[in-house]
Amino acid sequence: MTHSIWMYLLVMSAVTLSIRILPLTLIRRQIKSRFIRSFLFYVPYITLAVMTFPDIVHATQTPASGLLALLVGTAMAWFGASLFKVSAFCCVAVFVAERFLVG
């Protein structure tokens, strides 16, 4: 069975362009639905979370230390710490957790 790379590129281009062109051509007026507007507002944040969450947990030697860093970072960000402080404390949490968990 032979597959043509040109067919793959054609299908990929058609899907990508249709996703971008159809909303511009079909939706001419402002979206008034609060549900759709809030859904479209949060899509980038959800996408970023879905892409980064598994890597946060699995980037360390043990998933427990990754989960601890996630909890520490979430708590510090919730209470208004800067990005530098959050990342520094997450690194410290992973370092300490892996010293005790891995040995």
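Modeller: What follows concerns a predicted model.

Biologist: How much space lies in the largest pocket?

Modeller: The largest pocket holds about 190 Å³ of space.

Biologist: Which residues line the largest pocket?

Modeller: Its lining consists of Ile56, Ala69, Leu70, Gly73, Thr74, Ala77, Val86 and Cys90. Helix 3 (63-78) and helix 4 (83-101) each contribute at least two residues to that lining. The largest share, five residues, comes from helix 3.

Biologist: Let us change topic. How many aromatic pairs does a search of the whole structure find?

Modeller: The search finds three aromatic pairs. In one of them, the ring centres of Phe41 and Tyr42 lie 5.0 Å apart with the planes at 85°, so this pair is edge-to-face; the label applies to planes over 60 degrees apart.

Biologist: Why is the pair of Tyr42 and Tyr45 tilted?

Modeller: The planes of Tyr42 and Tyr45 stand at 55°, so the pair counts as tilted, and the ring centres are 6.4 Å apart. Tyr42 and Tyr45 are three residues apart in helix 2 (residues 34-58), so about one helical turn separates them.

Biologist: What do ring pairs link into a cluster?

Modeller: They link Phe41, Tyr42 and Tyr45.

Biologist: Is Tyr45 buried or exposed?

Modeller: Tyr45 is exposed, with a relative accessible area of 52%. Phe41 is partly exposed at 48%, and Tyr42 is partly exposed at 45%.

Notes
Residues are numbered from 1 along each chain as its sequence is written. This is a predicted model: local features need pLDDT of at least 70, side-chain atom pairs count only at pLDDT 80 or more; totals for chains, interfaces and linings use all residues. Side-chain values use heavy atoms; hydrogens and water are left out. On a 1 Å grid over the protein atoms alone, a cavity is a set of points where a 1.4 Å probe fits but cannot get out, and a pocket is an open set with protein on both sides within 12 Å along at least five of seven lines; lining residues have an atom within 4 Å of a point. Grid points are joined across faces, edges and corners, and a volume is the space filled by probe spheres set on the points. Helices (H or I, at least four residues) and strands (E, at least two) are DSSP runs, numbered from the N terminus. Rings of Phe, Tyr and Trp (its six-membered ring) pair if their centres lie within 6.5 Å; planes under 30 degrees apart count as stacked, over 60 as edge-to-face and the rest as tilted. Buried means under 20% relative accessible area, exposed over 50%, partly exposed in between (1.4 Å probe, protein chains only).
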